[in-house]
Amino acid sequence: CHTTNGWSGANFDHRTYPLTGAHRTTACNACHIGGVYQGTPRLCSACHLDDYNAARDPNHVAANFPTTCETCHNTT
C-alpha cells in the first residue's frame, strides 16, 4: 500500500475487492475504521447488519432472510 520511500503516497488497487455502486463514493475510513486496512471484513453483513435488523418492509429477521445481502441486493 505504501511506497518503498515511506508511508506517505499510499495507494491501493481495489481490483482485489472492487468498489461498485455506492461504495465508490464512500470514505475509506467508513470501512477501514481507525485506519486499519488488513483484515477489513468483505461480507455485506459486517457493515450492514444494523440495516438488515432494522428492515421492516419486509421484516428481514422475521422472514428469516439470509444475511448474504447480495442474494437480493446490489451496491446501487
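This predicted model holds zero disulfides. Cys31 is in no disulfide either, and its nearest cysteine sulfur, that of Cys47, is 4.8 Å away. A disulfide needs the two sulfur atoms within 2.5 Å. With the cysteines settled, here is a friendly walk through the rest of the chain, by topic.

**Cysteines and their surroundings**

- Cys28 counts as exposed, at 53% relative accessibility.
- Cys31 is partly exposed, and its relative accessible area is 34%.

**The chain as a whole**

- The protein chain has two helices and zero strands.
- Helix 1 covers 28–31, and helix 2 covers 44–54.
- Of the 76 residues in the protein chain, 9% are buried.
- The accessible surface of the protein chain comes to about 6,500 Å². Carbon and sulfur atoms account for 57% of that surface.
- If you look at contacts in the protein chain with a separation of 6 or more, 35% of them join residues 24 or more positions apart.

**Before helix 1: Leu19**

- Leu19 sits in the segment before helix 1.
- Is Leu19 buried, exposed or partly exposed? Leu19 is partly exposed, because its relative accessible area of 27% falls between the 20% limit for buried and the 50% limit for exposed.
- Once neighbours within four places in sequence are set aside, Leu19 is in contact with His14 and Arg24.
- Leu19 and Thr75 are 56 residues apart in sequence, and their C-alpha atoms are 8.8 Å apart in space.

**Between the helices: Arg42**

- Arg42 belongs to the loop between helix 1 and helix 2.
- Arg42 is exposed, with 52% as its relative accessible area.
- Which residues does Arg42 touch, not counting those up to four places away in sequence? They are Thr16 and Tyr17.
- For the pair Arg42 and Tyr17, the C-alpha atoms are separated by 8.0 Å, and the two residues are 25 residues apart along the chain.

**Inside helix 2: Ser45**

- Ser45 is part of helix 2.
- Ser45 is buried, since its relative accessible area is 17% and buried means under 20%.
- Leaving out neighbours within four places in sequence, the contacts of Ser45 are Thr67 and Cys69.

- Pro58 lies in the segment after helix 2, and a cis peptide bond joins Asp57 to Pro58. Omega for this bond is about 5°.
- His60 is also placed in the segment after helix 2. His60 counts as buried, at 13% relative accessibility.
- What does His60 contact, leaving aside its neighbours within four places in sequence? The partners are Tyr52, Ala55, Phe65 and His73.
- Asn64 is found in the segment after helix 2 as well. The phi angle of Asn64 is near 60°, which is a positive value in a residue other than glycine.
- At 66% relative accessibility, Asn64 is counted as exposed.

Terms used
Residues numbered from 1 in each chain as written. Predicted model: local features only at pLDDT ≥ 70, side-chain atom pairs only at ≥ 80, totals over all residues. Heavy atoms only, no water. Helix = DSSP H or I, 4+ residues; strand = E, 2+ residues; numbered from the N terminus. Buried < 20%, exposed > 50% of the residue type's maximum accessible area, 1.4 Å probe, protein only. Contact = heavy atoms within 4.5 Å. Areas by Shrake-Rupley, 256 points an atom, 1.4 Å probe, with all protein chains shown as cover.
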